[in-house]
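Colleague: I am new to this one. Please show it to me, and then I will ask how you know what you say.

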Amino acid sequence: MWVIISEIYPPAIKGLAMSFSTAVSWICTFLTIYTAPVIRSGLGDTALFGLYAFFSIVAFLFVKKYIPETKGKSLEQIQKELKL
């Protein structure tokens, strides 16, 4: 995540956009840590890891489909591909 957010935002909004992305990351981390004991005690380990595996697969598919490859590309090329 840290590599992606540092490469895809244009300089004009990079600071604000990276701050927002970091806040969303921390919120998701908090929700994961907070819900783990609740799900584990209520549904068991299998449900806990099954649920988190499901979200991991969804995230992987999202990244494969929507996040562009940035290796060897300039910021201008990335922006053009994203139509920014």
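**Terms set against values**

Modeller: R40 and D45 form a salt bridge, with their closest N and O atoms 2.5 Å apart. This is a predicted model, where local features need pLDDT of at least 70, side-chain atom pairs count only at pLDDT 80 or more, and totals for chains, interfaces and linings use all residues. Residues are numbered from 1 along each chain as its sequence is written, and side-chain values use heavy atoms, with hydrogens and water left out.

Colleague: Why is the contact of R40 with D45 called a salt bridge?

Modeller: The term asks for a side-chain nitrogen of Lys or Arg within 4 Å of a carboxyl oxygen of Asp or Glu. The closest N and O atoms of R40 and D45 are 2.5 Å apart, so the pair qualifies. The structure holds one salt bridge.

Colleague: Why does D45 count as partly exposed?

Modeller: Buried means under 20% relative accessible area and exposed over 50%, with partly exposed in between (1.4 Å probe, protein chains only). D45 has 37% relative accessibility, so it is partly exposed.

Colleague: How much space lies in the largest pocket?

Modeller: About 790 Å³. A pocket is an open set of points on a 1 Å grid over the protein atoms alone, where a 1.4 Å probe fits, with protein on both sides within 12 Å along at least five of seven lines; lining residues have an atom within 4 Å of a point. The volume is the space filled by probe spheres set on the points.

Colleague: What makes up its lining?

Modeller: There are 24 lining residues, with M1, V24, S25, C28 and A59 nearest the centre of the largest pocket. Helix α2 gives the largest share, ten residues.

Key. Helix = DSSP H or I, 4+ residues; strand = E, 2+ residues; numbered from the N terminus.
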